[in-house]
Amino acid sequence: MTTVQAAKPMNIKKEKIWTVPQIILAIIIIACSLICLLPFVNVIAVSLSSKSAILRGDVGFWPVEFTTMAYQAIFNDGSMMHALWYTVGITVTYTAIAMVLTILMAYPLTKKRLKGRKFFNLMALFTMYFSGGTIPIYLNIKELGLLNNAWSLIIPGALSTYNMIILKSFFAALPESLEEAATIDGANDFQILLQIYLPLSLASLATLTLFYAVGKWNSFQDALYYITDRSLQPLQLKLYNLIKGSQAVDVAMMEGGASAVATSVSESIESATIIFATLPILVVYPFVQRYFVSGVTIGAVKG
Amino acid sequence: MTDLRRPRRGTLNSIWQNWRLYVMLLLPVAFYIIFCYKPMLGVGIAFTKYNPVKGMWASKWVGLDNFKFVMKMPDFPVALGNTLLLNFMGLIAGFPVPIILAILLNELRSTRVKKLSQTLLYLPHFLSWVIIGGMVLQIFAPTTGVVNATLLKWGWIDENIPFLTEGWPWRITYTLVGVWQSMGWGTILYLSAITGINMELFEAAKIDGANKLQQIWHVTLPGIRSTIVVLLILNVGQMMNISFDRPYIMGNTRVQNYCDVLSTFVYRAGITNAKFDRATAIGLFQSVVGLIMVGTANFVTKRLGEDGIW
């Protein structure tokens, strides 16, 4: 390989990186990326600006009349901190349970010696295309007595067939000889799974863990449906209620009802809460991004 | 004793020998039964005059009455039409963007710029719709929002643009926010398809004197054609399905007739107003039509010689 590569520059002139078309291309792409970033910059700027500056419409991408009042208000708000830790707890518990269920489903389904493998496979796949629908699922949760119970946010979504298929295709790609050797040494399925399969799949396990964790952290619909008790509301639902409150003022303003002063109170706090709820994702995101990308490409290769 | 040494073939024996696999399956299978299949039986509610105290089986069977009732509700055609229109707008505006972006990213030679911009482009995909909805509300707010404020300051507009409070502006904002959220993430599949194109084809095109645009048109695009076709058909198959979070969070009372879609309609009828039977009927109608559409899409994909989803 090295000799071939070394020979290349002699035949074909090495392409320069920064030609004029390349610079134009880079500018277009950077502009697209900035479109993804700038809304955040604006929200951060608003969260750090004074009430009057926001009201005047002066805040762009840099804080005007810098103040950390909004953040102080959040950290002094006991219910907000409670929601933060509560959501962390839900996310961790959910992710742990979901990983166990996913592994326990994926491993047997890769074994040809499992009688009824087709049946179990179909049982999982069918749920990707048909579901009972919102109301029967809601009534099921109700019958199980899970309404207004933190477990309603944890158990019902604790196995994603999509993620299970990703893990299954990874398990299936591990060489069979490993298992044969272990079986000759007298290892049973539990031992093979724990001591051979799991240690060899750490990267995909990490990917799935993150899929589950980010999904739960961001989930809102289940909490809206199942939780009415304020102390059991996760962060996203709290944030939603805050946003809706201020939107109602905006709408009233359009109709000429409320004065603009009413909105300003919430504008910076709202922004600060948005940043507060996004921060955990922003912190882990740069490190985990590549795992997500690999997960998507595996997921595209169907089980 | 001799029997034990001979490999056994019976089903029972195979199950006996692999009992650990079945023990593993216990929890996940129980999960599927309780949380997926049991609610599927619950679609029967759509055919009853549901009494929550008696349960589905003891409730009165009314055949298709709920469906007939729902079809006559004035909200139903509105929600159905909005669902189709918003999905259609999303498809028209959102589908080509990741393809173009993926081709542009692929042509970029500087890996540093590429990596950095990919990190930023993927970011919106990781945010919840509550967070995005909150940001949108703030950025497009009248007077205080950065967009209206800037346009007013520059004198491009005389009064606020009602991004979120009037019908068509709301629809367009909704669509563009969707494009914003998914354009970066959507490039991933196309980028991996482009990587799969044989490099020799590009070399050959270059020797034949093809310029960059001609290479893209004659090599890159045909190379990712099957990915484009499959994703397009799958997207069309999903026209009846609309997520709940995005329209619910972005909507408001001023644009009620524009933001009400099937998912929010089911929520309002079923959970807010406790009309369980009618809401189940809407949901079932949506699932069945959706399933037929996905099935058709899959059939068409296979007919075109591509791998379907089944």
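Visitor: How many residues does the contact take from chain B and from chain A?

Guide: This is a predicted model, in which local features need pLDDT of at least 70 and side-chain atom pairs count only at pLDDT 80 or more, while totals for chains, interfaces and linings use all residues. Residues are numbered from 1 along each chain as its sequence is written, with chains lettered from A and ligands numbered from 1 in the order in which they are written. Two residues are in contact if their C-beta atoms, placed from the backbone, lie within 7 Å. On that basis the contact takes 79 residues from chain B and 84 residues from chain A.

Visitor: Which helix gives the most to the side of chain B that touches chain A?

Guide: Helices are DSSP runs of H or I with at least four residues, and strands are runs of E with at least two, numbered from the N terminus. With 13 residues, the largest contribution to this side of chain B comes from helix α3 (residues 19-41) of chain B.

Visitor: Which residues have the most contacts inside the largest nonpolar core?

Guide: A nonpolar core is a set of buried Ala, Val, Leu, Ile, Met, Phe, Trp, Tyr and Cys residues joined through C-beta atoms within 7 Å. A residue is buried if 20 or more other C-beta atoms lie within 10 Å of its own, exposed if 12 or fewer, and partly exposed in between, with C-beta atoms placed from the backbone. The largest core has 144 residues, and helix α5 (residues 78-109) of chain A gives the largest share, 12 residues. Those with the most contacts inside this core are A:M105 and B:I282.

Visitor: What does B:I282 touch, not counting residues up to four places away in sequence?

Guide: With those residues set aside, the partners of B:I282 are B:V70, B:L262, B:F265, B:V266 and B:A269.

Visitor: How many residues of helix α11 of chain B are buried?

Guide: Buried residues make up 40% of the 310 residues in chain B. Just after α11(B), B:G209 takes a positive phi of about 90°. Helix α11 (residues 199-207) of chain B has nine residues and is hardly covered, with a buried count of zero.

Visitor: What radius of gyration does chain B have?

Guide: The C-alpha atoms of chain B fill a box of roughly 80 × 65 × 35 Å along the principal axes. The radius of gyration is taken over C-alpha atoms, and the globule rule is 2.2 Å times the number of residues to the power 0.38. A compact globule of 310 residues would have a value near 19 Å, but chain B has 26 Å.
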